[in-house]
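Subject: Structure for you to look at

Hello,

Here is the structure I promised to pass on. Please open it next to this email and follow the residues as they come up.

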Amino acid sequence: MNIVLTGDRPTGKLHIGHYVGSLKKRVSIQGKYDKSFIMIADTQALSDNALNPEKVRDSVIEVMLDYLSVGLKPELNTFFIQSLVPELAELTMYYMNFVNLGRLSRNPTVKAEMKQKGYGDQIPVGFLCYPISQAADITAFKANLIPVGDDQLPMIEQTNEIVRRINNHFNKNILEECKPLLSNVKRLPGIDGKSKMSKSLNNAIYLSDNRECISRKVMSMYTDPNHIRIEDPGNIEGNVVFKYLDAFDPNKDEVEKLKKHYEKGGLGDVTIKKRLIEVLDQELNPIRLRRQQLEQNKDELLIMLKEGSEYARTIASDTLAEIKKVFYLNY
């Protein structure tokens, strides 16, 4: 069977980086495989938000609203909340015995996020171990297809390492290896030109942002600091506006013409920013409208998540039983 599993940490509303990095891919593949599970990873969100759990709780429904707004369908996906499937936490505990501290510390994704958050030597153990938690999430459902951005490839690699180590040690194919389903668009930088769009860095455009908010954020975007006058030649390398146009503008030929014009000189930053505002507003407006309709029935969304979590438990418990059997814990 081909089983898809994806998810997001509920630490706020989702942004356009999530949209091009994973959400659009999820929408395009839904219904094409045997099963699809979409998890709201509240337990993992606590790994760096344990002192502010209200933020995580309040964001669960916000993320669910974003899911449905972009076109993910309940009849084609099982949506569930991570903490409502306690089997995942138990699997994480068992998998910890198959990963050493050095390997976790070398995980490029974890290293980058530790640096971004400025943990130094004060990194919470839960945060350091969240790749193990992700491995438990994936393997619990025997998922073999994972829609992710390229920044999450180290997590897929670590999951497969755990799978191979457990299978080899017990000489039995208990767990399933997985592979990524990558987006066509690489990671979007933040509007400030930083390497990553992030809720914590406050440099993101959210799926729910209105036109006025989009306009304000686009007009503040990082371009070419040396492009002072309109007639000056501009540099498109590292220019955030052009990166966003590459990701969202459907008229690729026109974008290429604009790049050449900008590099030659005679094209102002305001002109290309206004084009981007129009492009983003057209892309996000249908999503905003669906979200406004869905916000009238938030209670129904929580019911849907609870029902999905009950079904997810039945699947995860089967995997947990297999693991407990080889660990001689099936008392």
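A residue counts as buried under 20% relative accessible area, as exposed over 50%, and as partly exposed in between. Glu278 has a relative accessible area of 35%, so Glu278 is partly exposed. Please keep in mind that this is a predicted model.

Salt bridges

A search of the whole structure finds 21 salt bridges.

Glu278 forms a salt bridge with Arg211 through their side chains, at 2.3 Å from N to O. This pair links distant parts of the chain, 67 residues apart: Glu278 is in helix α13 (residues 269-294) and Arg211 is in helix α10 (residues 211-219). Arg211 is also partly exposed, at 36%.

The next pair is Glu90 and Lys324, whose side chains meet in a salt bridge at 3.4 Å, N to O.

The side chains of Glu256 and Lys259 form a salt bridge at 3.4 Å, N to O. Both residues belong to helix α12 (residues 252-264), and because they are three residues apart there, about one helical turn separates them. Are the two partners buried or partly exposed? Glu256 is partly exposed, with a relative accessible area of 38%. Lys259 has 12% relative accessibility, which is under 20%, so Lys259 counts as buried.

There is also a network of salt bridges, which links Glu62, Asp66, Arg291, Glu295 and Lys298.

Asp150

Asp150 sits between strand β4 (145-148) and helix α9 (153-170). Its relative accessible area is 33%, so Asp150 is partly exposed. Which residues does Asp150 touch, leaving out those up to four places away in sequence? They are Leu182, Lys186 and Arg187. As for Leu267, its C-alpha is 33 Å from the C-alpha of Asp150, and the two residues are 117 apart in sequence.

Regards

Note on methods
Residues numbered from 1 in each chain as written. Predicted model: local features only at pLDDT ≥ 70, side-chain atom pairs only at ≥ 80, totals over all residues. Heavy atoms only, no water. Helix = DSSP H or I, 4+ residues; strand = E, 2+ residues; numbered from the N terminus. Buried < 20%, exposed > 50% of the residue type's maximum accessible area, 1.4 Å probe, protein only. Contact = heavy atoms within 4.5 Å. Salt bridge = Lys/Arg side-chain N within 4 Å of Asp/Glu carboxyl O.
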